[in-house]
Amino acid sequence: MKFLILVTLFGLSLAQHNPQLKSGRTAIVHLFEWRWADIAAECERFLGPNGFGGVQISPPNEHIIVSSPWRPWWQRYQPISYNLCSRSGSEAELRDMITRCNNVGVNIYVDAVINHMCGSGGGEGTHSSCGSWFSASKKDFPSVPYSSLDFNDNKCKTGSGEIENYNDPYQVRDCRLVGLLDLALEKEYVRGKVADFMNKLIDMGVAGFRVDASKHMWPGDVDTIYRRLNNLNTKWFPSGARPFIFQEVIDLGGEAISAKEYYHLGRVTEFKYGAKLGTVFRKWNGEKLSYTKNWGEGWGFMPDGNAVVFVDNHDNQRGHGAGGASIVTFWDARLYKMAAAYMLAHPYGQARVMSSYRWNRNIVNGKDENDWIGPPSNGDGSTKPVPINADQTCGDGWVCEHRWRQIKNMVIFRNVVNGQPHANWWDNQSNQVAFGRGNRGFIVFNNDDWALDVTLSTGLPGGTYCDVISGQKEGSRCTGKQIQVGSDGRAHFYISNTEEDPFIAIHADSKL
């Protein structure tokens, strides 16, 4: 009996590592701060047709409204209740979006803020996204309801009530993270409220959760909550399917809390991935692309089946979180497209693409003074819709990296090569590398300051292939470069170091 229980529990946690993506889809996109109505439309017109597997959405819970600075992005991470009305829209709009995305094969993953409520200085009154009353100073959140009994202040052993030492795991998990009121997740009542919130979303049709600030919660507490989660809605998912859990644990090494403490609960965000990839593509610290032959676990990253990987995320593209200045973002578009393509071509981890908005950067002493700026907004603070231009890019300050041809086509590449081994590696011992995925795809990078001119074994069947970076296959022609693969699987590649995109990718579905 004991063995059976252990097997069942192990199976449960293992199931939480499964993103539950529809067949043939492999990548997730984070549509950061998008409105629900725009995500629904994007699923139907772009994400579904182009093979994207899922969307990570911003926190849907009721949150504080901050007037100074004006409506910052981080107000979404300061809950005052679990009501589902946020800057992105109403509960009805959220429900409509989940339904419409599921209907075109695109999963929804909720950014779940369950470690804390708003900051201790969050004031009181009805300056919240649904207009609910709360008092941060009294720790009174009647819309949940939570009272002062439901917070960790009595457990925190620092004088300030804040985390003062990240090498003390008790402080990290029992004290306030930057002033945010820390929930007592060991309490049965609090666990029940959190599980109810997550189960409501599961019943609406979400496929899983990115769990914010996981490092600041005891693994045993969140494990208890995860075990109470319902199976996914059988309207869109197989019977018995478990919600996908991926946990935000910033672990670059050297702290008391490590990512591996959370592996058994679900996947974990691998922050070393983007930090190292940025260092490699920037050619800092003597790093070379040729060193990535054993990319993944060979670089000290977590086991493949535990990792969610990304070039950048909403925190570290602003200089927060982890990775520092090495993180490549849309501000470095040429490098960014290469780094994203490398991630999407490589088999390691569950890949997540970032989709951002622009803000007016103001770098002072290496820090962006405007890192707080919220999404493109109207005069009343409401979020602007995402307009789509004639060339398929986005307007009004929305960057939409996921719509860039090179990144969208690499999402398709990842789908086409899924399950195929990393193969046919080549490098010039510097920053020119190539690798294939079995007999289904091949990619070549030139990040050196001179031209690449070489004939390589691709592993692909002979024929004419369209490069999906400079263009793509449309009907019976290529809109960009053509690559001839001989009957022996070999092909010649020439990539000037001055090209807009100094890389080439071909795959089975781009063959004429």
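Residue Q350 lies in strand β12 (residues 350–355); strands here are DSSP E runs of at least two residues and helices are H or I runs of at least four, numbered from the N terminus. The model is predicted, so local features need pLDDT of at least 70 and side-chain atom pairs count only at pLDDT 80 or more, whereas totals for chains, interfaces and linings use all residues. Residues are numbered from 1 along each chain as its sequence is written, and side-chain values use heavy atoms, without hydrogens and water.

Q350 is buried, at a relative accessible area of 6% (buried means under 20%, exposed over 50%, partly exposed in between, with a 1.4 Å probe and protein chains only). Beyond neighbours within four places in sequence, Q350 is in contact (heavy atoms within 4.5 Å) with residues including P19, L21, I28, R267 and V308.

Strand β1 (residues 28–31) is covered on both faces, with I28 and H30 buried on one side and V29 and L31 buried on the other. In a regular strand, side chains alternate between the two faces of the sheet. β1 runs parallel to β12, joined by 4 bridges (strands pair if DSSP finds at least two bridges between them), and L31 stands opposite S355 of β12. β1 is also parallel to strand β2 (residues 54–57), through 3 bridges; V55 in β2 is the bridge partner of V29.

Elsewhere, helices α8 (residues 333–345) and α9 (residues 405–417) pack at about 10°, with axes 9 Å apart. Axes are lines fitted to C-alpha atoms, for helices over the stretch in contact, and angles run from 0 to 180 degrees between N-to-C directions.
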